[in-house]
Amino acid sequence: MIHLPVLITDLGLILAAAGITTLLFKRIKQPLVLGYILAGLLVGPHIKFIPTVTDNESIHIWAEIGVIFLLFSLGLEFSFKKLVKVGGSASITAIVEVVFMLLIGFVAGLAMGWSTMDSIFLGGILSVSSTTIIIRAFEELGVKHKKFAGLVFGVLIVEDLVAILLLVLLSTLAVSQQFAGAEMLISILKLCFFLVLWFIGGIFLVPTFLKATKKLMNDETMLVVSIALCLLMVLLAVKVGFSPALGAFIMGSILAETTQAERIEHLTKSVKDLFAAIFFVSVGMLINPSILIDYAVPIVVITLATVLGKFLSSGLGALVSGQPLKTSVQTGLSLAQIGEFSFIIATLGLTLKVTSDFLYPIAVAVSAITTFTTPYLIKFSEPFYLFLERKLPKKWVEGINRYSSSTAGITTLSDWKTLLKSYTFNLIIHSVILIAIVFLGSKYLQPFITQNLINGNNGIVISLIVTLFIMTPFLWALAIRRIERKAYSHLWLNKKYTRGPLIALEILRISLAIFFVGILIYQFYSTWISIVIAIALIVLCMFVFSRRLQGFYNKLESRFLLNLNAREAQNAQPEILPWDTHLVELTVAPESTLVGKTLIDLSVREKYGVNIALIERGKIMIPTPGRDERLYPNDKVLVIGTDDQLAAIKELFEGSIDDNLQSSFPKEDMALQKIVINSSSPVYGQTIRNSGIREMTQGLVVGIERNGERILNPDSTLTFENGDIVWIVGNNKKVPELLK
């Protein structure tokens, strides 16, 4: 008898249970995540009346792979440029929400008598909302076009980055088992350092590699290469002391900036869905029903804390950021749930063995309850806003409206703000690059050269020269390169107040460059004389070869910016910022009544009050289309309007199908059939055109075999003869009735 490994048996059991439960949940229109968790509960060790998984260790390994691909997928949807573009409103809302929910979770845990570590992890679990659940709810309720949806998506992008930061901080806290401020600060700085380094290196190298190999990349190789890049970044992240999930997320966010992002997302979706399903099933396997019964009261308390806390904190954050009351209420109620990141944080606590066994199933139970309540809360948000508007004092409502209007116009930057912002970015980016070069040169390059190529002092000298040569363009950019010339000139001309600070900034830049050179040389030689001589030489070289360094650095910078902006340039869209309206993308459905009509015929501006800003047709962009431009199936149209206006026109874009028309020709009845003609056949002696085959059977004669001769696509004037073998494409129910 052939032996089947336990891993395969368990995997088959997991996927079978997941398949059955997800079909059920699809039928009742509930999130599939809950179906996976239920499947895990059924095949877990706590339910005995059906077969259970036996090798839990292997399943945990599969689940870790699931986390990697889940975070890789989130990274593909994240994009650092999206984070920059979300604006102050989403950032302020997200930060206020996360801070408040961390405090609410921590206080709630202590109030229920839990340990400090359990309470801290509970705060982390409650602080991040579920991207998957919110997107699904928005799609089902048809509210993605509304103004508050854009703010919610921006908040979710910021929360993704905050969640990654929480994973690092909670890992550090769990290992140290104490609130060491210095260790926390070091962890944050280390994370920021590697985020900047990986982003710069990734954007410079990965898109360049994908462009160079584009002609060789079919779907299979693109899938393999994408997963390989993901796992390589996972290895690198683990090597420097971070979690595998962080590495997967970073590589996803790097690939999100490339022109191949949509293709990679499409190709890896099936892999992500498979392993994510295993992860969520493993989540359900850890749930002990008896614990849920014993901790029913804490589950209710934490659920209420989640819904009320997120509503109040998110709503308050939106109000502080300058959003109207309606948008703030809708945003707060939309974010009132926890999801996949909460599971990952709870899993981290279990893996590090710093949280109690009851915390994990409680988190899953709260997630399940809030998942069910999310669609109802979103539906309830607008009526609740109208209720608040009636009940709140008029002075409060008017004050909120005035505050919202006043903050909308604060967009100007002074010369000092512009200059300091650019100098700060320049300092951070080049300092990170230089630190990385110093580390690689001293820890890897020098040992490699001295051990394998040239021994002794000569090897050390060559290693130092090579490292300094690599550092030179970045030292020049840090110390000498002119930044924001226009703002700098304006400030320099104001002799009375600004020349002193400007000179101080230049001295600071040069001092930092000298400091990095000194640090490098100190790694190789500890004598101060050699350090002073080397610094003098490098400074002299930077000034003498300034033009060449500038040219070389400009090439590096141009390549980086080209890679960074390639995806945006490919899908270029004009930025239009109207007053109280917003921009949304609608797709013209093939069955829409808009298809084939010109914009002047549609008169959407006159009838609905909306404006069409841009039409995207494949790779063709048509900004501010003219009145004679037509709409075609699958055109993506950027439309400007209010929530109500966009809701009215959305139905036109989606179109509708006449049920009678749809059922009059069932696709499954279409088939290729063979009919033999004899002298008693109704069509014998008639031409194809006069036989009525097309009209009566919805059929088409595609071939006739007569006396061993085959006639493909016969002429409609051909007459049917006795013994003809006729091939017909048509309704397999009607053709035999006519020709039998």
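Which residues does Glu97 touch, not counting residues up to four places away in sequence?

Modeller: A word on the source comes first: this is a predicted model, in which local features need pLDDT of at least 70 and side-chain atom pairs count only at pLDDT 80 or more, while totals for chains, interfaces and linings use all residues. Residues are numbered from 1 along each chain as its sequence is written, and side-chain values use heavy atoms, with hydrogens and water left out.

Glu97 touches Ser127, Ser129, Val155, Glu159, Lys310, Ser313, Ser314 and Leu335, once residues up to four places away in sequence are set aside; contact here means heavy atoms within 4.5 Å. Glu97 belongs to helix α5, which covers residues 87-111, where a helix is a DSSP run of H or I with at least four residues, a strand is a run of E with at least two, and both are numbered from the N terminus. Glu97 is also buried, its relative accessible area being 0%; buried means under 20% relative accessible area, exposed over 50%, and partly exposed in between, with a 1.4 Å probe and protein chains only.

Among the contacts in the protein chain with a separation of 6 or more, 79% are between residues 24 or more positions apart.

The largest nonpolar core holds 138 residues, of which Leu71, Leu255, Phe279 and Phe341 touch the most other members; such a core is a set of buried Ala, Val, Leu, Ile, Met, Phe, Trp, Tyr and Cys residues joined through side-chain atoms within 4.5 Å. Helix α8 (residues 147-176) gives this core its largest share, 17 residues. Leu71, leaving aside neighbours within four places in sequence, is in contact with Ile164, Ala245, Ala248, Phe249, Phe341 and Ile344. Another core, of 17 residues, lies apart from it and includes Leu602, Ile622, Leu631 and Val639.

There is also an open sheet of 4 strands, in the order β5-β8-β6-β7 and with antiparallel pairing, where two strands pair if DSSP finds at least two bridges between them. Because β5 (670-676) and β7 (709-712) stand at the edges with a single partner strand each, one side of each is left without a neighbour in the sheet. β5 pairs with strand β8 (residues 725-731) in the antiparallel sense over 7 bridges, and the bridge partner of Ala671 in β8 is Gly730.
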